[in-house]
Amino acid sequence: MLSRHRFWLLGVALLFLSGALYASGLHRDEGEIALTDVAVVIDPGHGGRDPGANINGLLEKDITLSVAKILQGQLIRREASVLLTRSGDYAHPNYKKELAERSRLIEKVNPDVLISIHINKFPHPGCFGGQVFYQEGSIKGEKLAEKIQTELIRIQPENRREARSGDYYLLREHPRTPGAVLEIGFISNPIDRQRFQSADEKEAIASAIVAGISSYVAEGYLARNSATD
Ligand SMILES: [Zn+2]
């Protein structure tokens with residue numbers, strides 16, 4: 001349901017941010033699809049005492065936040081309404097409670113799209129590449145995941161991974177919210193690790209996510225209460 005409350009919540013933040021971006025000339029380029037009023041919640045995985053996957057001092061929680069903020073900027077430039085589940089390095093000491101808090105926020109905002117960002121880790125360092133997961137049975141979630149997966153492969157053509165259903169708390173808790181969990185690569189792979197430390201590469205990952213969301217929107221999947229919910 002599109003509640004007024006939701007737009008009030010997002011509108012306040014958006015007014016400030018879009019004003020600031022307009023002033024600095026960072027508004028939408030000609031030819032880019034507008035995502036006007038598309039409400040997106042971005043969830044940067046982990047935070048605070050929970051670093052997530054880590055290797056050689058490089059922490060999943062820092063990379064997810066950094067990519068989330070770049071993604072937020074790019075989405076606002078496209079006129080979307082964006083909210084992050086966390087905007088700094090903090091989380092409830094009990095991560096289960098933290099997830100419940102994030103879940104309540106998602107419930108309140110009722111976004112058109114939920115993007116949760118994570119990083120994978122595997123004992124074999126050769127494993128690389130982003131992979132997108134959706135809640136089993138969510139047709140919109142599956143479509144969203146496929147669109148983003150296609151774009152992640154476009155920027156890393158050697159990646160042969162496919163969008164798959166997965167069991168993630170935030171997706172499970174919000175089966176009617178079109179959502180995707182993005183494992184944007186492997187912290188255990190040297191090439192992916194390099195990408196996570198490069199500002200340009202992180203911009204490219206965020207652009208791929210925006211392109212995936214845009215393609216999902218362009219195909220009309222935003223319509224609510226439809227048979228494709
Ligand atoms: Zn994670």
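**The sheet and its surroundings**

Guide: The protein chain holds 7 helices and 8 strands (DSSP runs numbered from the N terminus, H or I of at least four residues for helices, E of at least two for strands). You are looking at a predicted model, in which local features need pLDDT of at least 70 and side-chain atom pairs count only at pLDDT 80 or more, while totals for chains, interfaces and linings use all residues. Residue numbers start from 1 along each chain as its sequence is written.

Let's take the open sheet as our part. Six strands form it, in the order β4-β1-β5-β8-β6-β7, and their pairing is mixed (strands pair if DSSP finds at least two bridges between them). At the edges stand β4 (81-84) and β7 (164-165); each has a single partner strand, so one side of each is left without a neighbour in the sheet. Further in, strand β5 (residues 113-120) pairs with strand β8 (residues 179-186) in the parallel sense, over 6 bridges.

Now look at what lies across the strands. Helix α2 (residues 60-77) lies across β1 (39-44), β4, β5 and β8, and runs at about 145° to β5. Helix α4 (residues 139-155) lies across β5, β6 (131-134) and β8, at about 175° to β6 (angles run from 0 to 180 degrees between N-to-C directions of lines fitted to C-alpha atoms, for helices over the stretch in contact).

Stay with α4 for a moment. Its buried residues are K140, G141, E142, K143, L144, A145, K147, I148, Q149, E151 and L152 (buried means 20 or more other C-beta atoms within 10 Å, exposed 12 or fewer, partly exposed in between, with C-beta atoms placed from the backbone). What covers these residues of α4 includes β5, β6, α5 (169-173), β8 and α7. Over the whole protein chain of 229 residues, 45% count as buried.

The largest nonpolar core has 53 residues, and V40, I115, A180, L182 and I209 have the most contacts inside it (such a core joins buried Ala, Val, Leu, Ile, Met, Phe, Trp, Tyr and Cys through C-beta atoms within 7 Å). Helix α7 (residues 199-218) supplies the largest share of this core, 9 residues. Leaving out residues up to four places away in sequence, V40 touches L75, A80, V82, P111, D112, V113 and I115 (a contact puts two C-beta atoms, placed from the backbone, within 7 Å). Of the contacts in the protein chain with a separation of 6 or more, 80% join residues 24 or more positions apart.

Two loop residues are worth a glance as well. D37, in the loop between α1 (4-23) and β1, has a phi near 65°, a positive value in a residue other than glycine. D37 is partly exposed, with 15 other C-beta atoms within 10 Å. N56 lies in the loop between β2 (54-55) and β3 (58-59), and its phi, near 45°, is also positive. N56 is exposed, with 7 other C-beta atoms within 10 Å.

Finally, a word on confidence. The protein chain averages a pLDDT of 88, and 84% of the residues score at least 70 (pLDDT is the predictor's confidence in each residue, from 0 to 100). Over residues 1-9 the pLDDT is below 50, and this stretch has 7 contacts in the model beyond near neighbours in sequence.
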